[in-house]
Amino acid sequence: MLIIRPIRASDYDALYSIAVESGHGFTSLPVNEELLRSKIARAEASFTKQIDKPFDEGYLMVLEDTKTNEVVGTCGVEAAVGMQDAFYHYRLGTEVYHSQQISVRNEVETLTLCHDYTGAAEVCTLFLKDAYRKGNNGRMLSRSRFLLLAQHPQRFGETVIAEMRGVSDDHGDSPFYEWLQHHFLGIDFVEADYLSGLGKKAFMAEMMPRNPVYVCMLPKKAQKVIGEVHKNTKPALRLLQAEGFKFRNYVDIFDGGPTVECALSEIRSVKKSRLLTVSIGKMPHADHHFIISNTSLADYRASAAKLLVSDEHDDVVLSPEIAAGLLVSDGDQIRVLAM
């Protein structure tokens, strides 16, 4: 059985392994012991913290195979980005130049450094080990985060974003970043990305261009990848687009990858999920897969199973094994979402 649960200190070795395997461009998990242990401690505190409004909480979860007790994936949600550290994006805009005297009109795309997403929630840190990239595992891991949002909306920003990994090669080099490195930062993409993941972002404010950048003045290969995703990220982008996430002309400042957004209340899985009351017993035959979660926070659990769910009734039968995996008893509520 595959169970999603909050990360804990004993998962450090597994998280470090995932950080190594995820490779370049996976900024949220740098290969750094101090940072990874800090992320785990922050998540443990966030899941038990009493809050009045979302601030800087981070809800990092792992996917565990209960047969082997192996951690095989991660997913996370940031409650409200940019509340402690500056959260940078480039905003794609247009400047218009028109001269009636010479009868010329030009529209020029610009990139402007901004903090427009400060306070938004962010779905992030989605990674699944190769051996488990089959069936509905990736879909379940990704969409399980929306059940957490649906159950605890007061803990998250009203807008939810996802930063999609931009185009880079097998060595981690980004065509978009090359011009920035050459003219402004002077350090390579991997180092800049790594420092950003560590939260050491002072160099951005100090060295990034302060005025709008004219896209037409960038190298053609840099222009070409603005708003494009890495080949390995396309499936994740399609999943988010199906949830209602849209590109609103914001891109990553290093690799030019798109950021997509959706109002929390408008996310398809948030709207479509339902609360059902549990009965424990022999599960009837069912043809449809569902993502399932309990309604807890500190003891959050999610999984997937075939369930017989009726539009007319608000109860569902779970086997003792699934109920135990979700930490629920007779009469408890679960949240379900058709796969």
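Contact here means heavy atoms within 4.5 Å. Helices (H or I, at least four residues) and strands (E, at least two) are DSSP runs, numbered from the N terminus.

Before I continue, a word on the source. This is a predicted model, in which local features need pLDDT of at least 70 and side-chain atom pairs count only at pLDDT 80 or more, whereas totals for chains, interfaces and linings use all residues. Residues are numbered from 1 along each chain as its sequence is written, and side-chain values use heavy atoms, with hydrogens and water left out.

Let me stay with α8. Which residues of α8 are buried? They are L237, L239 and L240, where buried means under 20% relative accessible area, exposed over 50%, and partly exposed in between (1.4 Å probe, protein chains only). These residues lie on the same side of α8 because they cover an arc of only 160° around the axis; the arc is that of the directions from the helix axis to the C-beta atoms. Just after α8, G244 takes a positive phi of about 110°.

I turn now to the nonpolar cores. A nonpolar core is a set of buried Ala, Val, Leu, Ile, Met, Phe, Trp, Tyr and Cys residues joined through side-chain atoms within 4.5 Å. The largest one has 39 residues, and L149 and F156 have the most contacts inside it. Elements giving two or more residues to this core include β1 (2-6), β2 (58-65), β3 (70-78), α3 (137-151) and α8 (234-242). Which element gives the most to this core? It is α3, with 7 residues.

Not counting residues up to four places away in sequence, F156 touches P54, Y59, V77, E78, A79, A121, L148, L149 and L264. There is also a second, separate core of 23 residues, with L180, A192, L218 and I226 among them.

The next topic is charge. Side chains of opposite charge can pair when their charged atoms come close. A salt bridge is defined here as a side-chain nitrogen of Lys or Arg within 4 Å of a carboxyl oxygen of Asp or Glu. By this rule, the model has 14 salt bridges.

One of them joins R42 and D56, with the closest N and O atoms 3.5 Å apart. R42 belongs to helix α2 (residues 33-48), while D56 sits in the loop between α2 and β2, 14 residues apart. R42 is partly exposed, at a relative accessible area of 25%, and D56 is partly exposed as well, at 24%.

R42 also meets E78 in a salt bridge, at 2.6 Å from N to O. This pair links helix α2 with strand β3, across 36 residues. Is E78 buried or exposed? E78 is buried, with a relative accessible area of 15%.

Elsewhere, E178 and K221 form a salt bridge whose closest N and O atoms are 2.8 Å apart. E178 lies in helix α4 (residues 175-185) and K221 in helix α7 (residues 220-224), 43 residues apart.

Finally, I come to G82, placed in the loop between β3 and β4 (89-99). G82 counts as partly exposed, at 25% relative accessibility. Leaving aside residues up to four places away in sequence, G82 touches F87 and T118.
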